[in-house]
Amino acid sequence: MTKDTSVLLDEKRLFKPNYKIVEEAHVKNWEAEIEKGKDLEKYWSEKAEQFEWFEKWDKVLDESKKPFYKWFTNGKINLAYNAVDRWISTDKRNQVAILYTNERGDEKKLTYYELYREVNKMANALKNLGIKKGDTVSMYLPMCPELLISMLACTKIGAVHSVVYSGLSVGAFVERMNDADAKVLITADGTFRRGKIIDLKKIVDESILQCPTIETVVVVRHTGNPINVSELSGREILYDRLVEGESGECPVEEMDSEDPLFILYTSGSTGKPKGVLHTTAGYMVGVATTLKNVFDIHNGDLWWCTADIGWITGHSYLIYGPLLLGTTTLVYEGAPDYPDPGAWWKIVEKYGVTKLYTAPTAIRHLMRYGSKYPNMYNLSSLKILGSVGEPINPEAWMWFYKNIGKEKIPIMDTWWQTETGMHMISPIPVSPLKPGTATLPLPGIDADVVDEKGNSVPLGKGGYLVIKKPWPAMFRTLYNDEERFINVYWKEIPGGVYRAGDLARKDEDGYIWIQGRSDDVLNIAGHRVGSAEVESAFVSHPAVVESAVIGKSDPIKGEVIKAFLILKEGYKLNTTLIEDLKKHIRYELGPVAVIGDIEQLDALPKTRSGKIMRRILRAQEMGEDLGDTSTLEE
């Protein structure tokens, strides 16, 4: 079944690379780098050489048990060693590794040497709690230095970490703890959010009776909130007391390339959350290579990824990627608009942030306040911007480009997933840019748009986004659920390709446009319409700041579009505006985009990582059960 292309955003704006950025770029010839990437094993072998291995690999890629691929087989390495220890004997020893700040203005800096010692103390403490190689340690922590330290400590001694986002409620928390078989849980007294302290320990106290595998709970004193240490079996201990007196040195565990690194849970549209399992060496090589090339990381950069560490972006590009490259990573705890909508821009000016990586949902949220707040601050330190999490609407892209980038610096619109572990489709600083597209597959990545039989569709036609060849940071399985791993990702489209679950199309330059999740497709009079492009068309109207669309049953068309809109200040959804919006959508997308109903909302249902949950809107509209809402924002 071929996807219809009657509904396409006609986005023709093209932005050429900034010559100053190109001059210092690691990759200056994009075509030549893509050509190199066609020899998969040679390309990724060269990228792996930058790290310190205890033993080199026998084989770069083992495809003998597809889709259970293995990378750098029989190699021995440790990711924490490469992210922290190896910098101690270099001039980066006293460079700031982690710069923590929060919405109250508190600040803490850890140099690579200080981070090294803190990681070692925690690693020794975990071993004293009985944690061995292969055991799972869970974390339910705010964006604080102790979270990064605990993850790296696990990695150093070969324990598997499983971070649970600190906004999840009791039910979601218990489900993840028990699925991961965690032995130790590390939490905190609370987290700062919009001027309040959210009590994390209270949620842990409610949950822990339902988590039989947890032997010890470690509590970080972070906010000053009173801590009620449980009297239950004496298994709770304060973090500072746990590490007190521990040695600042700790032997490193030599890990096999394919040893598990972490489990991270991602919500499925149905059923229980999926425990995505990543392993050591391939993940390390993929994450470091993509961060270096896409954001052109150099000595002296101050990198800020605004993602929460509880999501894959925080794992790959807030902790591991930056530290593997020896750069300074900024960790921020707080909301983007508190105490006012200039909070982020104040931080950029104060610290001289050079590379900023954030989500379209945050950009659209800040758009509603206009240019006032960005114009209050000096943002001239910025060299590259980035977007992650979902397709970025062209109008949001333009606002980011004009108001934050001052029409001088490029936006790296990255497509990837929890399962891919690393960037897959993205521009690099030398790429010509079009607002709203993730451009081309990165070197070493073979992505395509295909029909249900696995055949490539013509340019301009919509289809299913697939990855045709393995990549090093790919997840290895779903924890405790190999059958689901095969059925969800590898069986639906013939040819042994990875099905990403997104709809996409390629334009005349081969640039890939993500049209939305394949389960978010609208079917109007036989025409299949991607939700992302309809939402982008709405956001391009001057009254609309954010939108979500679903299909609504119609006796004639099969489906028509129901739109849920957040309007800019000063606008109300009246008859005149509704008619104007319908005309605008028709102009932008053509007659196929039939609008059946428009509703104004104060907020859209989103995951805590900022993705719109359209299935919640659909279920509410149909009066159906909402399904798994564990990752839904309050």
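This is a predicted model: local features need pLDDT of at least 70, side-chain atom pairs count only at pLDDT 80 or more; totals for chains, interfaces and linings use all residues.
Contact here means heavy atoms within 4.5 Å.

**Stop 1: helix 13**

Select residues 360–367, which form helix 13. Eight of the eight residues in this helix are buried, so the helix is mostly covered. They are Pro360, Thr361, Ala362, Ile363, Arg364, His365, Leu366 and Met367. What do the buried residues of helix 13 pack against? Colour these elements to see: helix 12 (343–351), strand 18 (355–358), strand 19 (384–387), helix 14 (394–404) and strand 28 (544–554).

**Stop 2: helices 10 and 11**

Next, select residues 281–294 for helix 10 and residues 312–324 for helix 11. Two packed helices are described by the angle between their axes and the distance between those axes. For this pair, the axes come within 9 Å and cross at roughly 85 degrees. Helix 10 is therefore roughly perpendicular to helix 11.

Now show the side chains where the two helices meet. From helix 10, display Tyr283, Met284, Val287, Ala288, Thr290 and Leu291. Their counterparts in helix 11 are His315, Ser316, Tyr317, Tyr320, Gly321, Pro322 and Leu324. By class, this contact has nine nonpolar residues, four polar ones and no charged ones.

How many of the residues of helix 11 are buried? The count is 13 of the 13, so helix 11 is largely enclosed by the rest of the structure. Follow the chain onward from helix 11 and pick glycine 326, where phi is positive, near 70 degrees.

**Stop 3: asparagine 293**

Stay with helix 10 and pick asparagine 293, which is found in that helix. Is asparagine 293 buried or exposed? Its relative accessible area is 12%, and because buried means under 20%, asparagine 293 is buried. Show its contacts, leaving aside neighbours within four places in sequence: His26, Val27, Glu33, Tyr43, Ile428 and Pro429.

**Stop 4: helices 7 and 8**

Move on to helix 7 (residues 170–180) and helix 8 (residues 200–207). Their axes come within 9 Å, with a crossing angle of roughly 60 degrees. The crossing of helix 7 past helix 8 is right-handed. Display Val170, Phe173 and Val174 on the helix 7 side; they meet Ile203, Val204, Glu206 and Ser207 of helix 8. The contact of helix 7 with helix 8 is made up of five nonpolar residues, one polar and one charged.

**Stop 5: the cysteines**

How many disulfides does a search of the whole structure find? It finds zero. Select cysteine 144 to look at one that is in no disulfide: the nearest cysteine sulfur belongs to cysteine 154, 14 Å away. Cysteine 144 is buried, its relative accessible area being 0%. Then pick cysteine 305, also in no disulfide; here the nearest cysteine sulfur is that of cysteine 144, 16 Å away. Cysteine 305 counts as buried at 1% relative accessibility.

**Stop 6: threonine 111**

Jump to strand 5 (residues 107–111) and pick threonine 111. Threonine 111 has 15% relative accessibility and counts as buried. Which residues does threonine 111 touch, not counting those up to four places away in sequence? Display Arg93, Asn94, Gln95, Val96 and Ala97 to see them.

**Stop 7: threonine 477**

Another threonine comes next. Threonine 477 is found in strand 23 (residues 477–478) and is buried, with a relative accessible area of 10%. Draw a C-alpha to C-alpha distance from threonine 477 to lysine 274: these residues are 203 apart in sequence and 9.8 Å apart in space. Leaving aside neighbours within four places in sequence, the contacts of threonine 477 are Phe68, Gly275, Val276, Leu277, Glu482 and Phe485.

**Stop 8: valine 497**

Finish in the loop between helix 15 (482–489) and strand 24 (498–506), where you will find valine 497. Valine 497 is buried, at 9% relative accessible area. How far apart are the C-alpha atoms of valine 497 and alanine 447? They are separated by 9.5 Å, with the two residues 50 apart along the chain. To complete the view, show Val466, Ile467, Lys468, Tyr489 and Trp490, the residues in contact with valine 497 once neighbours within four places in sequence are left aside.

Definitions and conventions
Residues are numbered from 1 along each chain as its sequence is written. Side-chain values use heavy atoms; hydrogens and water are left out. A disulfide is a pair of cysteine sulfur atoms within 2.5 Å. Buried means under 20% relative accessible area, exposed over 50%, partly exposed in between (1.4 Å probe, protein chains only). Axes are lines fitted to C-alpha atoms, for helices over the stretch in contact, and angles run from 0 to 180 degrees between N-to-C directions. Helices (H or I, at least four residues) and strands (E, at least two) are DSSP runs, numbered from the N terminus. A crossing is left-handed if the near helix is turned anticlockwise from the far one by less than a right angle, and right-handed if clockwise. Ala, Val, Leu, Ile, Met, Phe, Trp, Tyr, Cys and Pro count as nonpolar, Asp, Glu, Lys and Arg as charged, and the others, Gly among them, as polar. Angles under 35 degrees count as roughly parallel, over 145 as roughly antiparallel, 65 to 115 as roughly perpendicular and the rest as oblique.
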